[in-house]
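Biologist: I am new to this structure. Please show it, and then I will ask what the terms rest on.

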Amino acid sequence: MKILILHQAPFKKMRYDLVIDHQQHQVTYIGLQQHLNDLPEALHLQKIVLPPGSEKALVSAVLARVSPSDGYASLLALSEYGILEACQIRAELGIPGPSYQQIERVRDKVKMKQRIAEQGTLRYPRFIETPEQVAGGGWTGKTISKPRDGASSQGIVLHDSFSQAVAHLESTTGWANYELEEFIEAPLYHFDGVVVAGEVKHLLASRYINSPLKYLAGVPVGSFQVALNDTFRTFIDQVIGALEIRRGCFHIEAFYDGRACIFLEAANRLGGARIVETHQFRTGVHLPSVEISDYLALPAPRHQPDSTQYFGFVLYPAHQAQDAKTLSIPESLLCSPHLVSFQRGGGQTGTLTYNEDLLPLSLIARADSPQRLQLFLQRCLTEISAH
């Protein structure tokens, strides 16, 4: 099989080689040099290097270097920043795959909430998308302004009131590609798994410590796995059905007030940060391999043993944080049986990222209950200090 891989996410997380025999298949990786640098030298592969700045016009940059006559049978695009563009590339190359409209439903935050609203029973934040809707009245409390297709919380602003949010949009970005959304005061959760043959598999639920919005402001963020319950399972089934996610990994975020889930947003791709690793620690399942094997109709690697432990992580931001050398970890934390691993990364980058290799510090922890895990992660946030 001749396979084209749009390579953007770190290879060590995707591990294409666990599914794809690079000797048996013709595999070409296409992407920026900075992304292609992490490809193992031992793998038999071809590279196509895109020029700097190509991410701003990814479709045309790729199609300038590959064509239908190249005979690619499949295109893999597992990063959040390429899945929508991959639909257009596949269409031009004559490669089967999800349609642009299917993927747009899980990229456009307005369209996904509209589908959730049509489902009829799911809760979701109130939102408006046009200045004409302002006259109909909004709400009085805290309000979020956000890009409709943004990622990693970039461009999101929390306002004290609906009127302040309206004024902000009208004086800065304008309404094009933006929405206003009611701010929900409840704990935030994320749900991760994969859809195979229309069925949700390997589902896990996790609760955030702090939030991606606080991480944007320079506060460490983390999450810890919690026990699944019927409310979570039913909610995910309803969201997957409403958004018509037919295959592939998913990352769904929702508030949970102890009684019901309130939908926030969904993505038909892997969760970022340390989710791939912590998911595999608990379930034994490497989520990217399940997705890749399903798309390519190749055997999936054998799962590792699962665990009765719960796992979580904490990330220290690189865009508004001290560098790695100034973060001190007490010996009592380093010696704790709860600490699985920690990593000091590249330090100050000035760029918003969840890639642990570029962060001043990230860690993974475990415990035999969500409550003990939460306490340990909170302890890490309290005791790890800058000096």
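Modeller: Helix H4 gives the largest share of the lining of the largest cavity, 3 residues. This is a predicted model, where local features need pLDDT of at least 70, side-chain atom pairs count only at pLDDT 80 or more, and totals for chains, interfaces and linings use all residues. Residues are numbered from 1 along each chain as its sequence is written, and side-chain values use heavy atoms, without hydrogens and water.

Biologist: What makes a space a cavity?

Modeller: On a 1 Å grid over the protein atoms alone, a 1.4 Å probe fits at its points but cannot get out, and lining residues have an atom within 4 Å of a point. The structure holds 2 cavities of 30 Å³ or more. Of the 14 residues lining the largest, Ala77, Arg90, Pro98, Glu291 and Tyr295 are the closest to its centre.

Biologist: How do you know its volume?

Modeller: Grid points are joined across faces, edges and corners, and the volume is the space filled by probe spheres set on them. For the largest cavity that is about 130 Å³.

Biologist: Why are S5 and S8 called paired?

Modeller: Strands pair if DSSP finds at least two bridges between them, and S5 and S8 have 2, so they pair. Isoleucine 128 has leucine 180 in S8 as its bridge partner.

Technical notes
Helix = DSSP H or I, 4+ residues; strand = E, 2+ residues; numbered from the N terminus. 1 Å grid on protein atoms, 1.4 Å probe; cavity = no way out; pocket = protein on both sides within 12 Å on 5 of 7 lines; lining within 4 Å.
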